[in-house]
Amino acid sequence: MKKIAIKKTERRHPCFFSESRKRYGRIHLPVAQNCNIQCVYCRRDHECLHENRPGVSNGVVGPEEALDRLDRALEKMPEIAVAGIAGPGDAFCDPRPTLRTFELIRRKYPGMELCVSSNGLNVRDHIPDLADLNVGFVTLTINAIDPGVGSRLCVSVREGKGRALSGIPAARALIARQLETVSLLKAGGFRVKVNTVVVPGVNEDHAVFIAGKMGAMGVDLMNLLPLIPVPGTKMEGAEPPSRAEMRKLRRMAGKFLPQMRHCQRCRADAAGCLDKSPDTPAPLKTD
Ligand code: SF4
Ligand code: SF4
């Protein structure tokens with residue numbers, strides 16, 4: 001497999017390199033419609049909570065419209081250095097619009113950094129495409145590395161056109177695929193961030209074990225995200241972790257790999273610098 005051209009990658013990504021967040025911006029292009037798993041805290045008429053704030057995107061667009069959106073955004077915000085796909089569903093549930101969008105952007109803007117977020121179930125087979133397109137930044141959400149914990153956070157997993165798995169077999173299949181994908185991405189030279197949604201009483205202690213495993217696998221950055229209890233989900237009545245709990249967890253996890261502390265849980269269609277994007281709501285106070 002071709003290795004990603006990591007030498008060309010500058011430290012411009014404002015999420016991976018916090019020192020860049022006032023100087024360089026990102027745009028989220030909402031081309032991913034559906035999802036192939038069901039997390040307990042997600043309502044599918046909202047956005048994927050792994051990189052987004054629920055309920056605040058402008059719907060889904062096709063690849064050509066996404067390119068047009070990028071063109072228009074760059075006219076107003078030339079500081080945009082990263083184009084990313086992070087929802088509103090999973091970027092690889094249907095990989096075609098995701099890859100087509102990256103193709104169009106790469107052709108027109110060869111210097112643009114490209115970035116994608118996914119639950120990791122269906123990324124593996126597309127890693128060579130990501131390398132060809134020089135999509136240097138990949139985020140996977142890994143909420144568990146133990147199927148017993150994972151089965152309490154993800155209720156179903158559907159691979160391809162097959163039957164959906166549930167319970168422990170679903171969690172086992174998802175975790176196995178995620179770990180395999182992390183390992184292939186790191187072998188291919190990608191910069192990899194892992195998001196972990198912290199759900200009190202389910203995985204808050206486990207999150208440190210995830211950090212240990214990810215650190216050992218060479219993951220570049222971890223983003224611990226506090227649960228957002230979305231109405232209409234199994235987690236609607238859950239208590240999110242406090243700021244003090246998140247601080248403590250990040251401190252512990254930080255012994256294994258660098259921690260992201262400036263995530264704003266952007267909209268699936270956010271654009272501009274993280275600190276001053278006009279269509280990004282005020283940051284969640286998570287730390
Ligand atoms: Fe929702 Fe994202 Fe989980 Fe899919 S991966 S169920 S979109 S939170
Ligand atoms: Fe960066 Fe967090 Fe916004 Fe994603 S949701 S673009 S990681 S600040």
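Okay, let's start with Gln259, which counts as buried because its relative accessibility is 10%, and the cut-off for buried is under 20%. Keep in mind that we're looking at a predicted model.

So where is Gln259? It's in the loop between helix H7, residues 243-253, and strand E10, residues 271-272. A polar atom of the Gln259 side chain lies 3.0 Å from the backbone oxygen of Leu257. And if you skip residues up to four places away in sequence, Gln259 touches Leu221, Met222, Leu224, Arg250, Ala253 and Gly254.

Stay in that loop between H7 and E10 for a second, and you'll find Ala270 there. Ala270 has a relative accessible area of 0%, so it's buried.

Now, the ligands. Ligand 2 sits in the largest cavity. Around ligand 2 you've got Cys15, Arg26, His28, Glu51, Lys193, Met260, Cys263, Gln264, Arg265, Cys266 and Leu274. Sorted by class, the ligand 2 shell comes to 5 nonpolar, 2 polar and 4 charged residues.

Then there's ligand 1. Who's around ligand 1? Cys35, Ile37, Gln38, Cys39, Cys42, Arg44, Cys48, Leu49, His50 and Asn119. The ligand 1 shell splits into 6 nonpolar, 3 polar and 1 charged.

That's my tour, thanks everyone.

Definitions and conventions. Residues numbered from 1 in each chain as written. Chains lettered and ligands numbered in written order. Predicted model: local features only at pLDDT ≥ 70, side-chain atom pairs only at ≥ 80, totals over all residues. Heavy atoms only, no water. Near = heavy atom within 4 Å. 1 Å grid on protein atoms, 1.4 Å probe; cavity = no way out; pocket = protein on both sides within 12 Å on 5 of 7 lines; lining within 4 Å. Sits in = over half its atoms within 2 Å of the grid points. Nonpolar A, V, L, I, M, F, W, Y, C, P; charged D, E, K, R; others polar. Helix = DSSP H or I, 4+ residues; strand = E, 2+ residues; numbered from the N terminus. Buried < 20%, exposed > 50% of the residue type's maximum accessible area, 1.4 Å probe, protein only. Polar contact = N/O pair within 3.5 Å; in protein donor to acceptor, adjacent residues only side chain to side chain. Contact = heavy atoms within 4.5 Å.
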